[in-house]
Amino acid sequence: MATEVRKRLISQDLSPTSSELPSDLLDGLCEEELNSASEGEDDDSVIGEMEVEEVEEGYWRELDLGISRRIFDRTSESELLVVVFKLCEVLFSTVTLVPLTLLIILQSGDLERFTNSTNFLLTILLNLVITIVVKALVARERPAGYPSIVLFSFPSGHASRAGVIIMTVLLTNSTSLLGVVISGGIVAVSRVGIGKHLVSDVVGGVVMGMINTVLASAAVWCERDTLEGSFGKVQIFQNRVDECFGVLS
C-alpha cells in the first residue's frame with residue numbers, strides 16, 4: 001500500500017505535505033504512519049521481553065554458579081571430603097554399578113531379590129542411553145574454572161543413577177529408603193564438590209533418573225513369574241560354581 005501511494009505521488013508531481021493530496025492518498029499515508037508506529041511499538045515490546053528474559057536467565061545462571069563455586073571451595077578445604085567424593089565418583093559410575101549388579105544377580109538367593117536386581121540393571125542401562133542422548137542434545141559446556149572432561153555437563157550421570165537407585169527402592173521397598181536417600185544426596189553433592197558439575201546439573205540428573213525409573217518400571221521391568229525360569233538356571237549355575245570351588249579347595 002505504501003509503495004503504491006508513493007508511485008501515485010510521483011506520477012502526479014505532489015509532495016506528502018501538499019494540500020492538493022487526493023483523499024485516498026491521504027488515507028493511505030495515514031494508514032502507513034499508523035502501521036509504522038504500531039510495528040515500532042511491537043518491536044519495542046519484543047525487545048523489552050527479551051531483555052527481561054536475559055536478565056532472569058542471567059540471575060539464575062549466576063546463582064547456580066555462585067552456589068556451585070561455594071560448594072567446590074568448601075570441599076577443596078577438606079582432604080577427607082575430597083577422598084570421600086572421589087570414592088563416590090568411582091562407586092556410582094556405570095563401570096562399577098553394572099558388574100556389581102551382575103554379581104548381585106548371580107548371588108541372589110531368592111526370586112524376589114533376583115527380580116529386583118535384574119530390573120535395576122535394565123533401568124541403569126536404559127538410564128545410560130537416555131543420559132548420553134540428553135547430554136548431546138543440551139550440549140551444555142562445563143563452566144570456566146572447572147576441570148574439563150570430554151562429556152557435556154547436563155545432566156549429571158552420577159546424580160541420575162542416584163535418582164534411579166532412590167526410585168527403585170521406593171517402588172520395590174527392598175531396603176531402607178532413608179539410607180538410600182542420604183547416600184544419593186552425598187553423591188549429588190560430591191559431583192559439585194569435586195568440580196565436575198553445577199547444582200542445576202545434579203538436580204536435573206536426580207529428577208531425570210527418577211523419571212527414567214518410573215518409565216522403565218512400566219515398560220521394561222519383568223515380573224517374578226517371567227524370571228522364574230531364569231532364576232532357576234542361575235541357581236544351577238551357582239551350584240556348579242560352588243561345587244568347582246569345593247573340589248579345588
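From the N terminus on, the elements of the chain run α-α-α-α-α-α-α-α-α, with nine helices and zero strands in total; helices (H or I, at least four residues) and strands (E, at least two) are DSSP runs, numbered from the N terminus. The model is predicted, so that local features need pLDDT of at least 70 and side-chain atom pairs count only at pLDDT 80 or more, while totals for chains, interfaces and linings use all residues. Residues are numbered from 1 along each chain as its sequence is written, and side-chain values use heavy atoms, with hydrogens and water left out.

Helix α3 (residues 79-91) has 13 residues and spans 19 Å from its first C-alpha to its last, close to the expected 18 Å (1.5 Å times one less than the number of residues). Phe 85, Cys 88 and Glu 89 of α3 are buried. These residues lie on the same side of α3 because they cover an arc of only 105° around the axis, taken from the directions from the helix axis to the C-beta atoms. Glu 79, Leu 80, Val 83 and Leu 87 are exposed on the face of α3 turned away from its buried side.

The axes of helix α4 (residues 94-106) and helix α5 (residues 111-138) come within 9 Å and cross at roughly 160°; axes are lines fitted to C-alpha atoms over the stretch in contact, and angles run from 0 to 180 degrees between N-to-C directions. Helix α4 is therefore roughly antiparallel to α5 (over 145 degrees). Residues in contact (heavy atoms within 4.5 Å) include Leu 97 and Val 98 of α4 and Phe 114 and Leu 121 of α5.

Note on methods
Buried means under 20% relative accessible area, exposed over 50%, partly exposed in between (1.4 Å probe, protein chains only). Angles under 35 degrees count as roughly parallel, over 145 as roughly antiparallel, 65 to 115 as roughly perpendicular and the rest as oblique.
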